[in-house]
Amino acid sequence: MIKQLYIPFIILIFSNSIIAQNKIDVNAVVDVETKTISIAQTIIYKNESNDALSEIYLNNWNNSYSTKSTPLAKRFEEEFSTKFHLAKNEQRGYTVVTSIKDKAKQALEYQSLKAHPDVLKVVLKTPLQPGESYNLSLNYNLIIPDATFTDYGYTKSGDFELKYWYITPAVYNGKWNYYSNKNLDDLFIPKADISISITHPLNYKVTSELDDIAFNPDTDNKTQTTVLYGKDRIDSYLSLRKLPRFSFIQTDDFVVLSNIYEKGLAPSDKAILTDKVTRYLTAHLGEYPHTKLLVSNIDYNKDPLYGLNQLPSFLRPFPDDFQYELKLLKTALKKYIDNVLLLNPRKEHWLSEGLQIYFLAKYVEDNYPNMKLLGTLANAWGIRSFHAADLDFNFQYFLYSMEIARKNKDQPIVTSKDSLTKFNANIAGKYKAGVGLNYLDQFTDDINLSQSITEFLKMNQLKPISISDFESFMTSKTKKDINWFFTDYVNTRKKIDFKIKTIETTEDSIKLTLKNKRDNTMPISLFKLNNDSVIGKLWVENIKGTKTITLPKDDTEKFVLDYDNTIPEFNQRDNYKAVKGSFLNNKPLQFRVFKDIEDPEYNQIFFMPLVEFKNIYDGLTLGTKVYNKTILRKRLNYRFSPQYATKSKSLTGSTSIFYTHNIENKNLFNITYGVFAGYRSFAEDAFFTRIRPSISFSFRDDDDFRSDKIDNITARYVSINRDIGDNAVIEIDEPDYGVFNLRYTHSNPGVINFSRFNADFQVADRFSKLSVNYEFRKLTKSNRNVNLRLYAGVFLKNNTDPNSDYFSFALDRPTDYLFDLNYLGRSEAAGLFSQQIIIAEGGFKSKLETPFANQWMTTANFSTSIWRYIQFYGDLGLVKNKHNPAKFVYDSGIRLNLVEDYFEIYFPLYSNLGWEIGQPNYDQSIRFMFTVDPQVLLGLFRRKWY
């Protein structure tokens, strides 16, 4: 019976192909043992342009895994992931194309593009004229990559998660739109009628959005051929599993296939929530044109609910049904929109992503208006007093988008998706687009924007469109000028930042002068408040510089810009102004324990208890921190941290105040200046006071935010005063001092290729010196780590005490007279803490007989892999002291590189001292690198996202 149904259906498919735009037929045979799929494929490509085409470009994204130098491999490198680089060859996939022929069975010339090895160029025998179709017959083998790289491929359980697996045509719309796979799930292909016949082991089952046509088992060969078909499709995802975990839920609108899981939620509850979600999708996005919508756990994990929703279920402050509902909704929105809105997903991604967030926020607003950002924690004792507890769930979209803007690392949302940083691509850009559509919604109060968007989606369902079509449609719907949205908000990094400059009252009117602190044409909402209740609202447009408006005098007590937090304004702290009263009436002081989210109604001051361990002399320090820093970064930051050191039994601590200028659209993007002062132990009963005013200039490539290259110039003056107690065991042979320090650093901290150069100039009363340092690291294609560091330092003047090496260059352990390095026991001459090493100056690991140079020094440090994190190291150098000839020094040994730059152990073997491993007290020669600074450890996380 199955075969009787199958044959006429295939005939129907081929009869319809005469009028179909594009058609793809795939016959695939899966070999599980070798992780290969053999494919015989036909592509009927219709030229819908006005140009004659002499070649056709095909997407061959399975081949993006083929080598360590493909664009996909480089993408992993940029995001500090070595999993692909270190993988075995058999773990990486590739494609072997055996033939490409035309309809007459003539072999066609084809080649992979040099810059895009996952794109094929096929030269046609005769040009393809406008309106005509071209038949391509392909034969090729896919070696499927491991799923550990992108979640797609061959899984550890022996299943296949396939996306972008078979070859597809690229889009031509006046030019060929092809590009390489970069793990962004953004293949741009024309819609096509797709039929797939896939032969696989009998114990596997196929799950796909395509319609199931036939299941033909072959018990003799223990295989089954599954036949699938879909009309006007672009999605190629197919799951081939032994134990498929997809639930099948038939709703009133369409079938939902999902393996998104939520522990503790009954199947009946999932079905009810799924039906609720599909009704919402149909009402707001239009009737779904296909029978099935597949939302997988892979889809969700690539675009999850961020924030507290990511906590484990036993910690998460949201009900299980709410969590599942939003997981399903967010994933289904993306899948639904991508399937019906045929935009270029790499170049015009912001619209589909913005619609996803816009409708996600609308759903929560309509169905869970009282849901808070902190969930059930908002009512918990000790937390409910925080401003964060007052904020609605949807505030997170503003919060995350502004997080990156305050760091001056935001990018225009029209930026090509592969040029966005990970945080901008995955979070901030999408949220800015969604918040922006809501901003546009509130501004266009003469129309219902949500209904207009629904109308647009219905009109353009399954049609190739562009952003300009959306702009034209929305402009035609409203009488208001919305050009600012597309010119300023979408296309630039321009920030929204207004303030109420002055308020003047007369007998019958109030004059307000508003200031636009940025160069843009975006509008701002103005609210009138009486006794903290809104009594009026208006929109103010076209503010160039300043604008004065006159309003009738009424009982308004306070004017507030963007009171409902609709607008993603950069600085909301100057949005409040009282009609009468002082500065404190505008924004009273507010004291809070622990950091909070910024509350623009108050001038906030925070207190936080401190428990720290800085060094072995002070031991555990207890105190408090008084500061103004909130979750979102501010320009002006101050901190005062008095502490009591439990071991030295003394009052220690520090204070600082710094101001940061963010500069946009320039290579010089950051200027920070301020002063730091601190008091701490540096030995038993010995203390130092450091006062350090400084200014720094940071540069980057403004055209490439993904590049980690940074140039920094810092000028500072370091004043050191020391206080020695009666019980001190250390003697001071140098008076107190001050040093002017000018430093230049160029850094390119890649995980495969790393380099850093710095030049350091210091001048004091009795000396001046210059040093340069260059570091280079490379992870080779054979997975060998190679590290090289070169250092050279010379005194330009040295009138210091010749019997003291306090200011000298150090071979293995710098004296650190500027107190920059985080030594746990900086004055220790013996014992465990004397063995702590921080690679600086000479960079040697062995303690040699000439540990200092008071004239000049030059060294080279080298290490390379032996096995995994075990490395061999060797150091060479020349040390020159006054009145002595230069001395050649060297050492070598084994380096355990557990976490590079954070936790390493060095075992000396051979040096100027001979075979150290056989000498007495060898355990005292072992050196270790270790950091306890949480900010340093957080850098391991930040570098992957920013």
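## A helix pair

Helix H9 passes helix H10 in a right-handed crossing (the near helix is turned clockwise from the far one by less than a right angle). H9 spans residues 449-459 and H10 spans residues 467-477. Helices here are DSSP runs of H or I with at least four residues, strands are E runs of at least two, and both are numbered from the N terminus. The two axes come within 11 Å and cross at roughly 135°. An axis is a line fitted to C-alpha atoms, for helices over the stretch in contact, and angles run from 0 to 180 degrees between N-to-C directions. H9 and H10 are therefore oblique to each other. Angles under 35 degrees count as roughly parallel, over 145 as roughly antiparallel, 65 to 115 as roughly perpendicular, and the rest as oblique.

H9 brings Leu449, Ser452, Ile453, Glu455, Phe456 and Met459 to the contact (heavy atoms within 4.5 Å). H10 brings Asp469, Phe470, Phe473, Met474 and Lys477. By class, the residues of this contact are seven nonpolar, one polar and three charged. Ala, Val, Leu, Ile, Met, Phe, Trp, Tyr, Cys and Pro count as nonpolar; Asp, Glu, Lys and Arg as charged; the others, Gly among them, as polar.

## About the model

This is a predicted model, in which local features need pLDDT of at least 70, side-chain atom pairs count only at pLDDT 80 or more, and totals for chains, interfaces and linings use all residues. Residues are numbered from 1 along each chain as its sequence is written, and side-chain values use heavy atoms, with hydrogens and water left out.

## Cavities

The structure holds eight cavities of 30 Å³ or more. On a 1 Å grid over the protein atoms alone, a cavity is a set of points where a 1.4 Å probe fits but cannot get out; lining residues have an atom within 4 Å of a point. A volume is the space filled by probe spheres set on the points.

The largest cavity holds about 200 Å³ of space. Its lining has 20 residues, with Ser401, Ala405, Asp410, Lys432 and Lys495 nearest the centre. Helix H7 (395-406) and helix H8 (422-443) each supply at least two lining residues. The second largest cavity has a volume of about 130 Å³. Tyr65, Thr150, Tyr152, Lys163 and Tyr164 lie nearest its centre, among 16 lining residues.

## A loop residue

Ile838 sits in the loop between strand E40 (809-810) and strand E41 (852-853). Leaving aside neighbours within four places in sequence, Ile838 is in contact with Pro814, Leu821, Asn822 and Tyr823.

Key
1 Å grid on protein atoms, 1.4 Å probe; cavity = no way out; pocket = protein on both sides within 12 Å on 5 of 7 lines; lining within 4 Å.
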